[in-house]
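Student: I have a new structure to read. Can we go through it feature by feature?
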Amino acid sequence: MIRGTKLTNNKNISLRNKFIEIKDVDYIYIPLVTYKNKNVKCDLKVGDYLYKNQLIATSNDKYESKIFSSVSGTIKDIKPCLYIDNTMVNTVIIENDYLDKEKIKKGAKKNISKYTKEDILKLMKDNGVVGMSGNIFPTHYKYGMDLKINKLIVNAVEDEIYITSDFTNLNDKPSEILEAIDALMSAFNIEECYIALKSFNKVGIDDFINYMGTYPNIHIEEVPDKYPVGYERNLANYIYNAKIKKYPMEKSIMVNNISTIYEIYRVLKYEKPVCGRIVTISGNAVKNPTNVYIKYGTLLSDVLKEIGGLKYDDINIIINGPMMGTTVSSLDVMLTPKVTGVVIQKNVKDKKEYECINCGKCVNVCPVRLSPIQIKKYKNQKNILKKLNPNKCIGCGLCSYICPSNIKLRDDVLSACEVLNNED
Ligand code: SF4
Ligand code: SF4
């Protein structure tokens with residue numbers, strides 16, 4: 001049985017309006033950030049010309065994550081700008097010349113199912129493929145682990161209650177997604193694949209189901225409408241009753257987000273980096289909530305100009321949704337591969353926090369069986385904290401959501417993790 005809670009979803013808000021491709025903008029902001037590195041060294045300088053898809057920097061760690069330019073143009077500045085976690089990070093600012101000049105032009109590959117495992121790993125690494133569910137974990141590293149992959153779960157659960165970017169890909173790109181799954185299955189000798197989704201994302205995917213007829217080893221699995229069933233360990237446990245301790249790969253199960261699969265498709269098809277993604281723009285402060293395709297490095301403020309702006313001035317901007325996301329202080333935040341959606345709500349005063357009434361709800365609801373209230377209580381006492389395992393927290397936000405005293409437990413648990421991680 002999956003531990004979790006049924007939440008009311010607000011996904012229809014962003015599906016009322018048609019999907020829009022955001023036009024090119026004058027300035028693109030590329031943060032020097034990768035999976036584990038928030039200050040990647042860049043040897044380029046102001047005045048340098050960049051082609052579209054040109055490598056800007058590579059992280060100096062075991063992941064060797066790459067950062068590319070999403071337009072062609074000239075570097076105007078390299079300076080700290082607002083990142084999606086509300087910190088300032090070093091950023092390459094490119095003045096777009098609107099020419100989309102590429103150094104090497106390649107045609108589209110006719111058949112992507114002929115690649116070997118080594119070809120795919122190289123293409124993923126050279127073109128910077130990362131997890132598109134908001135974690136930007138390097139995909140070449142995940143597939144390159146020295147472990148056999150028997151089963152693939154494609155995660156189209158999309159737990160966050162406002163976000164519909166995976167849903168949009170699922171509806172718009174059925175044949176491309178299935179082709180990429182098939183290519184991965186044949187190159188890595190994967191026996192079967194389940195595409196996991198909740199009932200909401202299952203509605204209207206007739207095209208997808210029609211295309212599936214040609215792929216006998218790819219199946220659809222509807223999972224319970226509980227949050228956070230989309231957490232990869234939960235999915236592997238549910239579909240395969242796998243009793244995962246840490247990662248599904250322990251049991252030879254690979255889990256990829258459906259938008260990651262579409263990114264893999266684009267890299268296998270065009271053999272060049274992917275320079276943009278679908279982002280959901282939603283919330284009660286947005287005049288025309290919708291899904292948009294953005295080039296990486298576009299500012300949220302530029303996106304809003306194109307889709308009609310906001311209804312209110314006093315707003316709360318949440319990157320990646322209210323359950324697991326982060327609040328940022330300005331609309332001039334750059335949109336990166338890590339952004340699945342932005343929810344902008346009319347500001348309401350923070351609900352007053354009350355004393356804990358020891359109801360135990362936060363403990364009962366936690367999908368990884370932590371005691372958030374105990375972690376909060378001992379957050380500055382490292383010896384006790386270690387035994388409470390805050391590092392197991394998946395940041396789902398259910399403890400804060402359920403607390404009748406309005407205590408922001410998730411923030412406390414995440415800051416307790418930082419206390420432990422910053423230990424000497
Ligand atoms: S849910 Fe809130 S009130 Fe209940 S035990 Fe946890 S912290 Fe205390
Ligand atoms: S402690 Fe972490 S994993 Fe547990 S409910 Fe809170 S946010 Fe979710």
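Tutor: Start with a definition. A salt bridge is a side-chain nitrogen of Lys or Arg within 4 Å of a carboxyl oxygen of Asp or Glu. Side chains of opposite charge can pair when their charged atoms come close. Keep in mind that this is a predicted model.

Student: How many salt bridges does the structure hold?

Tutor: The structure holds 19 salt bridges. One of them joins the side chains of Lys-6 and Asp-225, with 2.9 Å from N to O. Lys-6 sits in the segment before helix 1 (12-15), and Asp-225 sits in the loop between strand 10 and helix 8, so the pair ties together parts 219 residues apart in sequence.

Student: What should I look for in the backbone?

Tutor: Most residues other than glycine have a negative phi, and most peptide bonds are trans. Look for exceptions. The peptide bond from Tyr-227 to Pro-228 is cis, with omega near 0 degrees. Pro-228 belongs to the loop between strand 10 (218-222) and helix 8 (232-240).

Student: Which residue has a positive phi although it is not a glycine?

Tutor: Asn-53 does, at about 75 degrees. Find Asn-53 in the loop between strand 3 (49-50) and strand 4 (55-58).

Student: Into which domains is the chain divided?

Tutor: Domain 1 covers 12-105 + 273-346, domain 2 covers 112-270, and domain 3 covers 361-421. Take domain 2 and domain 3 as a pair. Their centres, taken over C-alpha atoms, are 30 Å apart.

Student: How many residues are in contact between domain 2 and domain 3?

Tutor: Four residues of domain 2 are in contact with five residues of domain 3. Together the two domains bury about 420 Å², with 73% of that on carbon and sulfur atoms. On the domain 2 side, Tyr-227, Pro-228 and Tyr-231 supply 79% of the area buried against domain 3, more than any other three residues.

Student: How do I read the ligand sites?

Tutor: List the residues around each ligand, then sort them by class. Ligand 1 has Cys-356, Cys-359, Cys-362 and Cys-403 among its surroundings. Its shell divides into nine nonpolar, three polar and no charged residues.

Student: Which residues surround ligand 2?

Tutor: They include Cys-366, Cys-393, Cys-396, Cys-399 and Arg-410. The shell around ligand 2 has nine nonpolar, two polar and one charged residues.

Technical notes
Residues numbered from 1 in each chain as written. Chains lettered and ligands numbered in written order. Predicted model: local features only at pLDDT ≥ 70, side-chain atom pairs only at ≥ 80, totals over all residues. Heavy atoms only, no water. Domains from an automatic or database assignment. Contact = heavy atoms within 4.5 Å. Buried area = accessible area lost by both parts, 1.4 Å probe. Near = heavy atom within 4 Å. Nonpolar A, V, L, I, M, F, W, Y, C, P; charged D, E, K, R; others polar. Helix = DSSP H or I, 4+ residues; strand = E, 2+ residues; numbered from the N terminus.
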